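Hi,

Here is the structure I promised to pass on.

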Amino acid sequence: MSNLKKVAFICVHNSCRSQIAEALGQILASDVFESYSAGTEVKDRINQDAVRLMKEIYGVDMEKDQYSKLIADIPKVDVVVTMGCNVQCPYLPCEKRVDWGLEDPSGKSDDEFKQLIADIESKIKLLTEELKK
């Protein structure tokens, strides 16, 4: 059994921002926390622009191990990170909760997607440092 903190990235559809955060958490912080993502609803697939750009930038295929999940489908977590969906997220018990206030890039340009990915990477690094303390 792992002693790592469990971090859940929560978004409405669990198809874009939260999926990117889960993937980047696995890439950048797997020695500090376990990454999960979930939503209050699900989509039939991960946002294809997110999949393409994550593959291009980091060489990771999010569709290989990730899929859209409901909050009930993930284990009990220590940290909840909401993406900034402008909706009331259901209560999810945790030690720490934070909202990253990220705008959904769906349907926007690659440059806007890449900026969002860079923002999430930066926030993952900050969260990693926080959880190391």
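Predicted model: local features only at pLDDT ≥ 70, side-chain atom pairs only at ≥ 80, totals over all residues.

K6 sits in strand β1. Leaving aside neighbours within four places in sequence, K6 is in contact (heavy atoms within 4.5 Å) with E34, Y36, P75, K76, V77, D78 and V79.

Residues are numbered from 1 along each chain as its sequence is written, and side-chain values use heavy atoms, with hydrogens and water left out.

Now the sheet. Helices (H or I, at least four residues) and strands (E, at least two) are DSSP runs numbered from the N terminus, and two strands pair if DSSP finds at least two bridges between them. Four strands make an open, parallel sheet in the order β2-β1-β3-β4. β2 (33-39) and β4 (96-99) are the edge strands, each pairing on one side only. From one strand to the next, the twist averages 20 degrees. β3 (residues 79-82) pairs with β4 in the parallel sense over 4 bridges, and V79 stands opposite K96 in β4.

On to the helices. α1 (residues 17-29) lies across β1 (5-11) and β2, running at about 170 degrees to β2; axes are lines fitted to C-alpha atoms, for helices over the stretch in contact, and angles run from 0 to 180 degrees between N-to-C directions. The buried residues of α4 include F113, L116, I120 and E121, and its buried residues pack against β1, α1, β2, α2 (48-58), β3 and β4.

Which residues touch the most other members of the largest nonpolar core? They are F9, I20, F33, W100 and I120, out of 29 residues. A nonpolar core here is a set of buried Ala, Val, Leu, Ile, Met, Phe, Trp, Tyr and Cys residues joined through side-chain atoms within 4.5 Å. β1, α1, α2, β3 and α4 each give two or more residues to this core, and the largest share, 7 residues, comes from α4. Apart from this core lies another, of 9 residues, among them A8, Y36, A38 and I71.

Cheers

Methods:
Buried < 20%, exposed > 50% of the residue type's maximum accessible area, 1.4 Å probe, protein only.
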